Amino acid sequence: MSCILNIDTSTDVCSVAVSNEAELIFNKEDHTGPNHAERLGTFVDEALSFIDNHAIPLDAVAVSCGPGSYTGLRIGTSMAKGICYGRDAKLIAVPTLELLCVPVLLQEMVDSNDALLCPMLDARRMEVYAQVFDRSLKEQRPIHADVVTEDTYREFLDQGPVYFFGNGAAKCMTVIHHPNAHLIEGIQPLAKNMFPLAEKRIAEERFEDVAYFVPFYLKDFVAKLPKNLL
């Protein structure tokens, strides 16, 4: 187990949490945003002071890597990289849609073993970023930018219950009328829910290159550039 500083800035919410030995020991959230540029630095300073005051060595920084707000992801990633350089810590990327699944599973909001989870982030109009998982968080469909109609997820809905959640889900329920479609409200990507996913990545030694890591919105573009241009 490790001490992890967790940062999420993928939506309007700004949140920072510290976990140690798989236990949440510090948490700060601001739901009045988007104001990541104003709040994130203060939250991180408080988190690092808490860690130092308790003489806990920082092992890693976990940051939500998208999809999500362009500006929010950029601010969060820059902060995470700076801490990793300054503290010689490992960098962990936690996908935002996977992060959304954590409270749904931990709070047992899904009561069917064969149910699928479909976290969604709003991309405006009737578009969302969405991904499909089973209850073990095994990916059943990769991230797509979906223009949602009543048939968009029919192949999964015809097989069994599908639970939709995240800030793009409610609008989709206005067009998805399948009896197997279920809406879970109030689910947000928050730093306090990141550490189970971050701990798993530490166990699997899935760390990011601090110099070249970019979040979801830039990854495909940056992958095509020579490293000497970055």
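**View 1. Strand β9 (residues 162-165) and β10 pair in the parallel sense over three bridges.** Pairing requires at least two bridges found by DSSP between two strands, and strands (E, at least two residues) and helices (H or I, at least four) are DSSP runs numbered from the N terminus. The bridge partner of F164 is L183 in β10. The model is predicted: local features need pLDDT of at least 70, side-chain atom pairs count only at pLDDT 80 or more, and totals for chains, interfaces and linings use all residues. Residues are numbered from 1 along each chain as its sequence is written, and side-chain values use heavy atoms, leaving out hydrogens and water.

**View 2. Five strands form an open sheet with mixed pairing, in the order β8-β7-β6-β9-β10.** On average, neighbouring strands are turned by 20° against each other, direction ignored. Helix α3 (residues 96-106) packs on the sheet and touches β6 (116-122), β7 (127-133), β8 and β9, where contact means heavy atoms within 4.5 Å. The direction of α3 makes about 125° with that of β6; axes are lines fitted to C-alpha atoms, for helices over the stretch in contact, with angles from 0 to 180 degrees between N-to-C directions.

**View 3. A cis peptide bond joins G33 and P34, with omega about 15°.** P34 lies in the loop between β3 (23-30) and α1 (36-53).

**View 4. R124, although not a glycine, has a positive phi of about 75°.** R124 is located in the loop between β6 and β7. Its relative accessibility is 67%, so R124 counts as exposed (over 50% relative accessible area; buried is under 20%, partly exposed in between; 1.4 Å probe, protein chains only).
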